[in-house]
Each structure stands twice: as C-alpha cells, then as structure tokens.
Amino acid sequence: MSGLLDRHVAFLEALRSAGVPVSLAEDLDAIAALRALPWDDRATVHAAYAATLVKKQAQRPTFDTLFDLYFPRLVGEGAAGLGGGEDDRDDDRAGEGEASVRDGGAQLAGFREELSDALAGGDDQELARLAVEAVGRFGAMPGRGPGLSSWSAYTALQRIAPAELVARIVAALLEQGRAPDEARRVADRRLAGFARLVEADARRRIAEEKGADHVADVAVRPSIDRIDFTAAKRADIDAMRREIYPLARRLATRLTREHHARRRGPLDFRRTVRASISTGGVPITTHHRPKRPHRTELVVLCDVSGSVASFAQFTLLLVFALREQFQSVRAFTFIDHVHEVTSYFRPGADVAQVMTDLAASTAHAALWGRTNYGRAFTTFAENHRDALGPRSSLLVLGDARSNYSDLALPVLRELAGAARHAWWLNPEHPRHWDTGDSAASSYGAIVPMVECRNLAQLGEFVHDLA
C-alpha cells in the first residue's frame with residue numbers, strides 16, 4: 001500500500017508542476033474516492049482521479065498524459081510481446097537476427113497492412129495494440145549514449161510512414177459509403193490519433209527506463225493556460241483562443257461575487273445606535289452607508305511586433321470580454337506608431353474575425369518597421385493625451401525591447417502621472433529582462449512591471465485590475 005501512496009503523491013506533484021492546480025482538499029477527495037473503488041480496474045481509477053482533480057477541460061490532456069506515465073496500461077512489451085506471431089518465432093529459430101525479425105522489410109510491409117486495415121475499420125483496441133508493437137519493433141534505439149533515451153516515437157513513425165497510407169484508408173472509407181471530404185477528414189483524424197498512441201507508448205517505455213518523474217519534467221507539456229505566449233505553437237494559439245471566453249466567464253462570475261461581498265460601505269454609526277434602541281441598546285444589526293461605485297476606465301497600449309503580438313491580442317480579447325467590469329475600455333496598438341483598435345471589439349464580435357482584423361491593423365501600427373517604444377509613447381502623448389485622466393488606468397503590454405532607440409522616459413512618466421494607476425505586463429521571463437536591448441528596469445522604475453507569460457497569470461492580473 002505504501003507503494004501506491006508514493007505513486008499517488010508523485011502523480012499529484014507532477015500535476016502541480018505541469019500547471020494543474022491540485023489543492024489538499026482535492027487530494028483528500030481523490031483518496032476517499034479511491035478507497036471506495038477497486039484499484040485493479042485502471043479505467044475506474046482514471047475516472048476517479050479525473051472527477052476529483054480536473055477542474056477545466058483545458059487541463060484534461062495534461063492530466064491524461066501524466067496518468068498514463070504514473071499508472072501505465074502496460075509494462076514492457078505487454079502481454080502480446082512484439083505481436084507473438086508464429087512466423088516471427090519460426091524466423092528467429094531459423095537463424096535470422098533479432099533486428100531482422102523486429103524490423104525487416106517483410107515485417108514492415110505486414111505491419112503496415114495490419115495498420116491500414118485497423119485505421120480503415122476504426123478499431124481502437126487494435127490500434128492501441130499496434131501502437132505498442134510499432135514502438136517495440138521500429139522505435140528501439142539501442143546503444144545510445146548516457147542521458148539519451150533508447151525509444152523514439154519519431155523514429156517509429158518515420159519508419160512506418162502512416163501518412164503514406166492515407167490513399168488506402170480513404171479508398172476503404174469510400175467503399176463504406178463515406179463522402180470524399182468526410183473520408184479524408186476521418187482518415188486524418190485516425191492517423192493523428194494513432195500518432196498520439198505511439199508517442200504515449202514511447203513515453204511509457206522511457207518512464208520505465210528513467211522514471212516517470214524524469215519524463216514528466218522534460219517531455220510533458222504544461223496545460224494550455226500555463227504555456228508561454230512567446231513559445232506557443234499554432235495549435236496552442238488556437239487552443240488559447242478557445243479558452244479566452246471560458247476564462248472571461250469564470251473571471252466575471254468571480255468578480256461579481258466579490259463585488260457583491262464588498263458592496264457595503266463604511267459603518268453608519270448613527271443609524272446603528274438608533275436601531276439598537278429597540279433591542280435594549282445592543283447593536284444586533286449594523287447599518288452601513290452606501291458604497292460609492294467605482295469602476296476602472298482602462299486604456300491599453302500594446303506592442304504588436306513579432307512574438308509579443310499573440311500576447312497583446314489575447315490580453316485585448318480578455319479585457320474586452322470583461323468590458324462590463326470596466327467603465328470604459330480604449331485600446332491602442334503600436335510598433336513605432338500608434339493606432340487605435342477599440343472599434344474592432346464590437347459587442348458580439350466573432351473572435352476569429354477580431355484576431356484577423358487585429359493582424360491586419362498591425363500594418364497601420366508601423367511606419368519605420370522596427371519597434372520603437374520612445375516614438376510610440378511620444379506619438380500617443382501628442383495624439384491621444386485626452387484618453388488618460390484621474391479616473392483611468394494605463395496598461396502597457398510589451399517586452400520593453402526598443403532596438404536601442406530613445407526610450408522617452410520623461411514622456412512615459414508624464415503619461416503614468418496623468419492616470420490614476422499604471423501597470424506594464426511583460427511576456428518575457430524576468431531572467432531575460434535587461435538583456436540585449438531590453439529596457440525593463442528603466443521602464444519598470446516608472447511603471448510597475450509585472451511578469452505575464454501565460455493565460456493563468458493574465459487571468460489573475462485582470463482579476464486584480466478589475
């Protein structure tokens with residue numbers, strides 16, 4: 001039992017490291033659920049952990065990957081070995097070397113035939129078995145140096161070349177009565193699913209060699225809300241885009257609840273004493289003065305150059321999704337010239353269209369083609385100074401890299417002084433601040449600079465801001 005408890009603790013620590021928040025209460029909930037369920041049924045254990053630990057759909061892929069590492073479906077080659085076929089054993093006894101049995105031309109052709117049939121038939125159980133066999137046969141990399149894994153999903157997939165089977169799979173699906181476009185989509189989806197199975201089995205084997213903790217640290221991507229904006233791939237960007245409005249809804253609900261909890265103003269001593277007369281002078285009920293409502297007028301100034309463009313766009317999308325929490329929102333983008341983009345965020349606007357329009361507007365934000373914060377601040381002060389006032393908050397988004405140009409520090413100091421509050425969100429890790437052309441410390445001395453590298457940090461900042 002101690003071994004299971006150790007595995008449970010290690011699994012939860014890996015989840016937290018990957019960005020899936022697991023509280024002590026949820027830890028205890030998982031233990032309570034598992035005490036009432038059979039440990040020998042892996043699917044049941046998986047469902048129990050998911051029900052007690054996963055709070056958002058975006059966290060599910062990370063959870064599933066780590067669960068497969070710490071509670072693997074198979075050990076080693078599994079019960080089937082390398083397929084267990086009589087032909088393989090006969091070939092081995094006939095004197096052929098192990099490498100030829102595992103990865104000969106005839107074996108490869110036979111395997112691809114089986115894979116093609118399984119993909120065309122959508123046989124999930126057979127595809128899972130073939131993924132294990134694929135890594136065992138074609139993904140082995142013996143004799144590698146220290147620190148290098150002896151299993152590779154990439155090598156296995158390159159050897160099998162499942163993408164070359166698309167035409168055969170599509171033809172089989174057409175024979176089943178599928179439309180051509182549907183057949184192609186189904187084929188692509190099944191191929192992608194098989195590739196994920198191969199990658200999962202390679203991770204499992206590496207975890208057996210080096211330990212699950214090692215693989216969790218180096219091979220498991222964090223949940224989508226913990227992926228750095230500047231390191232996100234196209235698929236990550238699409239997933240983040242889908243997460244923006246659920247994040248906005250959660251934040252709006254949380255903010256509304258907190259605003260209601262704080263809606264009482266200061267104690268009205270006179271009314272409280274007067275009301276206490278009816279209870280013998282004991283102030284059972286307190287009375288409060290009405291709280292003066294205050295909502296932020298937000299002005300956002302965004303660097304949209306290079307890798308920080310996605311960070312700025314997601315921040316703008318989140319802010320405008322929460323615009324009812326602010327009295328007003330105005331947004332400006334720049335590279336070296338300032339361009340107002342408030343009009344793109346119309347009520348009910350389509351997210352994809354807004355992103356497209358913002359990308360197109362980047363051309364208007366650049367006159368000289370290189371990021372120049374000093375020129376942008378100066379232009380903003382000259383043309384949009386009226387956007388700031390004693391009830392407004394200024395939010396600057398960017399990496400503070402100005403290509404060694406004039407920083408216009410006095411202009412930024414004037415802008416920050418004209419606003420009620422000012423903040424600067426920087427999508428770079430603090431260890432990169434003040435390296436190269438970064439002027440993070442110079443700007444941070446005027447406007448407090450906050451690290452904001454992912455959706456989780458962005459959500460927490462916007463919550464505090466509103």
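Helices (H or I, at least four residues) and strands (E, at least two) are DSSP runs, numbered from the N terminus. What you're looking at is a predicted model, where local features need pLDDT of at least 70, side-chain atom pairs count only at pLDDT 80 or more, and totals for chains, interfaces and linings use all residues. Residues are numbered from 1 along each chain as its sequence is written, and side-chain values use heavy atoms, with hydrogens and water left out.

Let's start with Ile-31, which sits in helix H2. Ile-31 is partly exposed at 31% relative accessible area (buried means under 20%, exposed over 50%, partly exposed in between, with a 1.4 Å probe and protein chains only).

Now for the salt bridges. A salt bridge here is a side-chain nitrogen of Lys or Arg within 4 Å of a carboxyl oxygen of Asp or Glu, and by that rule the count comes to 21. Here are some of them:

| Pair | Closest N and O atoms |
|---|---|
| Asp-188 and Arg-184 | 3.4 Å |
| Arg-330 and Glu-340 | 3.1 Å |

Asp-188 and Arg-184 are separated by about one helical turn, because they are four residues apart in helix H11 (residues 180-210). Asp-188 is partly exposed, at 36% relative accessible area, and Arg-184 is partly exposed too, at 45%.

What about Glu-297 and Arg-391? Glu-297 counts as buried, at 18% relative accessibility, whereas Arg-391 is partly exposed at 47%.

As for the last pair in the table, Arg-330 is partly exposed at 26%, and so is Glu-340 at 29%. Elsewhere, salt bridges that share partners join Glu-114, Glu-126, Arg-129, Glu-133 and Arg-137 into one network.
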